[in-house]
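Biologist: Please take a close look at one part of this model, the place where the two chains meet. One connected account will do.

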Amino acid sequence: MEYFVQQLINGLTLGSIYGLIAIGYTMVYGIIGMINFAHGDIFMIGSFIALTTFLILTTIFGFVFLPVVLLIVLIIAMLFTSAWGWTVERLAYRPLRGSFRLAPLITAIGMSIVLQNFVQVSQGARVKPLPPQIQGGVTIMEGVTENGPIVVQLSYMQMIIIVTTLLLMVGFTLLISRTPLGRAQRACEQDRKMASLLGVNVDRTISLTFVMGAALASVAGLMFLLLYGVIDFYIGFLAGVKAFTAAVLGGIGSLPGAMLGGLAIGLIEVFWSGYFTVEYKDVAAFSILAIVLIFLPSGLLGKPEVEKV
Amino acid sequence: MAATQANGGAAANNNMFVDSLKDSATAAFLVAVLGFFFLPLKTDIASGGLAITYRWPIWIAAILIVFGGRLLLNLFVFKAQTPATRIIGDKLAGSSAKVPGLGRFLTFALLGFALVLPFFFTTFFPGQQRQYIDLAILIMTYIMLGWGLNIVVGLAGLLDLGYVAFYAVGAYSFALLAEYFDLGFWMALPLAGILAAFWGIILGFPVLRLRGDYLAIVTLAFGEIIRVVLLNWYEFTNGPDGISGIPKPTLFGLEFKRGEGGFADFFGLEYSTIHRFIFLYYIILILALITNFVTMRLRKLPVGRAWEALREDEIACRSLGINTTNTKLTAFAIGAMFGGFAGSFFATRQGFISPESFTFLESAIILAIVVLGGLGSQIGVVIASVVMIGGIEMLRNIGFLSQIFGPGFDPVQYRMLIFGLAMVGIMVWKPRGLITTRVPSAVLKERKKIGADMVAQGEGH
């Protein structure tokens, strides 16, 4: 029981990170119907920016008060990663809008290769370890198993991740449902041509979608960095595929679905590693992806696609 | 009046120049922002945690290069009244229009060159023959893989991002057959092809209902699953350590070895390691040509026609009574079979395989070759392989760059970066691939090329 609760907490933490990345996939798919293959690498870029900013603030400016440092890191990472997201869209996807569907998928794969190798060349291929910054936590349960005493702990780090994700989700839902930008975004999602006829600047809205996705991915990148303490140029691929799985599981195009799917994938991965084998945890994620797409293509909360002939 | 016109022209020119400057400045600013955390600042592992090293000159150089490059592009291509690229393009188009049958002639010229290629290198580049023939083998392997994938993506319109799985199945089939049953290359080759085709059907079954992007993602997932299983099934596949000591192919039982009974001894030649490379080259050339020949013939058979009909419109296909299940499965199986052949060849060439060689990146490269060449175009695959693989490998030979950038400069580490940029660049410039015409397999009155825009491409409908 204690072990189960501990795994549940770990799974929710991991799931929050996947959920934040998944939102980027689901929004882009919703608005232009393409899989933004480079989104996982935008997440990786975000975590590198966060790492460098953190080092500048702590070692050069000598900031010591951690909450302020993390807040500044968060803001800078969001701003700069957004610029990356915007540029990727502008360079690789916008020129191909209206082209056949495979074209942006190919440039997205190309962009993914470019981002990975850019970071590898400029920052080196070795992993970047960052010692744990936030330590400690609160003990929720204590118990005894056959292997000895077990303590269920909710660390401050996990609390921060879950709370930040919740806050971001609330803010983001408000942004989509209440602001003119959100309205334009939903309009473009429903019918791009009609939206542009009614005076919505479609190109700008699509750009902003990429910017929002990238900003959320950078938050996920910062959390990943703080939670695992190790990043390298290749983290984007697996995280990207899993987040995409989350988006599909939740129903692609649906924002609450992306978060729900993220949590589900996080839980499945953690429980799989906890109760079965660690080696095959990626197989579990990939199999879920295949199974969901084959048997439940519209996901948990998605709308079934109606095909007109 | 002439004066005002000239004035107007000058004003337009002036405007163009100012616009170009503004645009280039924006681009340079963007590079400054994007590059800020990556180019001038580098995090390194130092004693007591991570430390930052500074490289300001690189950042400034990158900004200046982008500014200059963008300015030149603006002045001569993007904003110019007669873009330089159009002038060159017109010239090229004019020359090809002047010579009828240039394409056919080129095909035969390329084929002729491919046939004599090893001897060309041994005659003209005796110092580097081994390296060049090895590169030719590599390019030929990618051409074969590209042709194999072209059946699935180009003809049947099924977007497959996990093609490397069949390459891996072929390679591991041969390696394991050789290890456990002591089979030679020629015995294992058909078996590897059959096994890969079998896997093509197994993986094809669940995805019959999927189309377009979803199909791509599920095939990617299958490819990764196969790789992770190969990586973790230690008792059977030796896991990350891979399998080594894979036997070399023989020529009707003649081994390419020194001394008694070897190839050189039998024909009374002096022993040289290059013989084996030339032999390997001809094996892959023949395998690739078989792939091409089979594809070209299949296009004229009912099954090939069904593939292309499926690519154009699945619903129409079904209403005309074509069994789409069989059509899709045959496409997967035949594409996978050629992937399996190529995989066996890869295993025998390397003599060592491990799951490292079969990552998603390989699939992406093969798909990129097919799409950049022009989906469904056989000659396009050849051109794209030569440009992308050959061009990237040529980076190894560029010595003069280290004189510019200092001795520590190693162009090889930039190859995948350049590969990715080329992928994006070519796709934005020519979304339909380098070869923009297709030859339909069925014609009413006269046989003529049509634009690639007329052909559905992996859109899954």
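Modeller: The side of chain B that touches chain A

In the contact between the chains, 50 residues of chain B meet 52 residues of chain A, two residues being in contact if their C-beta atoms, placed from the backbone, lie within 7 Å. This is a predicted model, in which local features need pLDDT of at least 70 and side-chain atom pairs count only at pLDDT 80 or more, while totals for chains, interfaces and linings use all residues. Residues are numbered from 1 along each chain as its sequence is written, and chains are lettered from A and ligands numbered from 1 in the order in which they are written.

On the side of chain B that touches chain A, at least two residues each come from α1 (2-35), β1 (41-46), β2 (49-54), α8 (212-232), α15 (360-373) and α18 (415-429) of chain B. Here helices (H or I, at least four residues) and strands (E, at least two) are DSSP runs, numbered from the N terminus. The most is given by α8(B), with 13 residues. By type, the residues of this side of chain B are 37 nonpolar, 8 polar and 5 charged; Ala, Val, Leu, Ile, Met, Phe, Trp, Tyr, Cys and Pro count as nonpolar, Asp, Glu, Lys and Arg as charged, and the others, Gly among them, as polar.

Among contacts in chain A between residues at least 6 apart in sequence, 74% join residues at least 24 apart.
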